Amino acid sequence: RGYPKPTLQFMKERLAGIYPLYAFGVLLSLVIRLARGAGPLPWLGGLLQPWLLQAWLPPYAEMSIQPHCWFLSCLPLYWLAFGKLVPKVQNMGIVACFVVLVALSLIPWVFVVFIPWALPD
């Protein structure tokens, strides 16, 4: 196991660890859903789920076959960024890391608190 690995090889190895069980779970959930007469999913939700893209459109993360697996769709982006970010973070000092973490933690506040105040009623 040599490091650093090429990004796509790194992603392939990670997906090989989770995707078979995930795909089995999605298929099993779909069979159970259809057996109960719940009907098919929205077409876009059904298209996004197998490609691990359901959390990128929040309404479909909640209407997917396995809504509790939303976090799995965040992993491929994390894996893509991992190889590039780790060396940068390793070279940062503690103060720089703290500043970056505080800045990143403020992003949700901008969308939840400050933007609604700016919108007209």
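Modeller: Helices here are DSSP runs of H or I with at least four residues, strands are runs of E with at least two, and both are numbered from the N terminus. This is a predicted model, where local features need pLDDT of at least 70, side-chain atom pairs count only at pLDDT 80 or more, and totals for chains, interfaces and linings use all residues. Residues are numbered from 1 along each chain as its sequence is written, and side-chain values use heavy atoms, with hydrogens and water left out.

Start with Gln49. Gln49 sits in the loop between α2 (43–48) and α3. Its relative accessible area is 1%, so Gln49 is buried (buried means under 20%, exposed over 50%, partly exposed in between, with a 1.4 Å probe and protein chains only). Leaving aside residues up to four places away in sequence, Gln49 touches Tyr22, Val26, Gln54, Ser64, Ile65 and Gln66 (contact means heavy atoms within 4.5 Å). A polar atom of the Gln49 side chain lies 3.2 Å from the backbone nitrogen of Ile65.

How far to trust this? The protein chain averages a pLDDT of 84, and 90% of the residues score at least 70 (pLDDT is the predictor's confidence in each residue, from 0 to 100). Confidence is lowest in helix α3 (residues 58–62), at a mean of 76, and highest in helix α1 (residues 7–35), at 90. Where pLDDT is low, predicted coordinates should not be read in detail.

Now the aromatic rings. The whole structure holds four aromatic pairs (rings of Phe, Tyr and Trp, the last by its six-membered ring, with centres within 6.5 Å; planes under 30 degrees apart are stacked, over 60 edge-to-face, the rest tilted). Phe10 and Phe82 are stacked, at 5.5 Å centre to centre and 5° between the planes. Phe10 is in helix α1 and Phe82 in helix α4, so this pair ties together parts 72 residues apart in sequence. Phe10 is buried at 13% relative accessibility. Phe82 is partly exposed at 30%. Trp70 and Phe71 pair edge-to-face, at 6.4 Å and 85°. Trp70 is partly exposed at 46%, and Phe71 is partly exposed at 41%. Ring pairs also link Phe10, Tyr78 and Phe82 into a cluster.

Phe82 marks one more feature. A kink of about 50° in α4 is centred on Phe82 (the bend is the angle between axes fitted to the seven residues ending there and the seven starting there).

How values were computed: Polar contact = N/O pair within 3.5 Å; in protein donor to acceptor, adjacent residues only side chain to side chain.
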